[in-house]
Amino acid sequence: MFDMSAFMGKFIEEAKERLQKLNDGILLLESQPDDKEAIKGIMREAHTLKGSSKMMGLLDVNRVAHIMEDLMVAISDGRVAVTSSIVDTLFTACDMLSSLVEKAAANDDTVIDTEPVC
């Protein structure tokens, strides 16, 4: 059996960097809702976090990142407009991802309900 715990530290470190980039991207999107590069950047960070969290078995992180990525695809495709409500949802998702990553870093088994964000 492969021990994933050996990689958890690196995952946490990279996840925190990605979360900072997500937050910065959302801030940019909030002030410039038509910024295609900001949209692509948020989508890319969410996609990478989605994949790495799945490999680490962090299914709540994976689920929230997946929902965030899907929302960014819908924005990119023009199916969803960037509104203050959408930006608030993205910030809430980012905050939840931060909490989930911190929980993983602390090896905390407390359940966080991701349903309201998803």
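**Labels and the values behind them**

Reply: Happy to! Leaving aside neighbours within four places in sequence, alanine 74 is in contact with Arg79 and Val80. Alanine 74 belongs to helix H3. Please keep in mind that the model is predicted.

Me: What makes alanine 74 count as buried?

Reply: Its relative accessible area is 8%, and buried means under 20%. Alanine 74 is therefore buried.

Me: Why are H1 and H2 called roughly antiparallel?

Reply: The axes of H1 (residues 5-31) and H2 (residues 36-55) cross at roughly 155°, and angles over 145 degrees count as roughly antiparallel. The two helices are therefore roughly antiparallel to each other. Their axes come within 9 Å, and H1 passes H2 in a left-handed crossing.

Me: Which residues of H1 and H2 meet?

Reply: From H1 they include Phe11, Ala15, Leu19, Leu22 and Ile26. On the H2 side, Ala38, Ile39, Ile42, Ala46 and Leu49 are among them. By class, the contact of H1 with H2 has twelve nonpolar, four polar and three charged residues.

Me: How do you know that the span of H1 is close to the expected one?

Reply: H1 has 27 residues and reaches 39 Å from its first C-alpha to its last. At 1.5 Å a residue, 39 Å is expected, so the span is close to expectation. For H2, with 20 residues, the reach is 29 Å, close to the expected 28 Å.

Me: Which residues of H1 are buried, and what covers them?

Reply: The buried residues of H1 are Met8, Phe11, Ile12, Ala15, Leu19, Leu22, Gly25, Ile26 and Leu29. Their cover includes H2, helix H3 (59-76) and helix H4 (84-105). In H2, the buried residues include Gly41, Met43, Glu45 and Lys50, and the buried residues of H2 pack against H1, H3 and H4.

Me: Why is lysine 21 called partly exposed?

Reply: Lysine 21, which sits in helix H1, has a relative accessible area of 48%. Buried means under 20% and exposed means over 50%, with partly exposed in between, so lysine 21 is partly exposed. Lysine 21 and glutamate 45 are 24 residues apart in sequence, yet 7.2 Å apart in space from C-alpha to C-alpha.

Me: And what makes isoleucine 112 partly exposed?

Reply: Its relative accessibility is 23%. Since the buried class means under 20% and the exposed class over 50%, isoleucine 112 counts as partly exposed. Isoleucine 112 is in the segment after H4. Leaving aside neighbours within four places in sequence, it is in contact with Asp60, Met96, Ser99, Leu100 and Lys103. For one of these, serine 99, the C-alpha atom is 8.5 Å from that of isoleucine 112, at 13 residues along the chain.

Me: How do you know that asparagine 107 is exposed?

Reply: Asparagine 107 has a relative accessible area of 67%, and exposed means over 50%. Asparagine 107 is therefore exposed. Like isoleucine 112, asparagine 107 is in the segment after H4. Its backbone has a positive phi of about 55°, although asparagine 107 is not a glycine.

Notes:
Residues numbered from 1 in each chain as written. Predicted model: local features only at pLDDT ≥ 70, side-chain atom pairs only at ≥ 80, totals over all residues. Heavy atoms only, no water. Axes fitted to C-alpha atoms, helices over the stretch in contact; angles between N-to-C directions. Helix = DSSP H or I, 4+ residues; strand = E, 2+ residues; numbered from the N terminus. Parallel < 35°, antiparallel > 145°, perpendicular 65-115°, else oblique. Left-handed = near helix turned anticlockwise from the far one by under 90°. Contact = heavy atoms within 4.5 Å. Nonpolar A, V, L, I, M, F, W, Y, C, P; charged D, E, K, R; others polar. Buried < 20%, exposed > 50% of the residue type's maximum accessible area, 1.4 Å probe, protein only.
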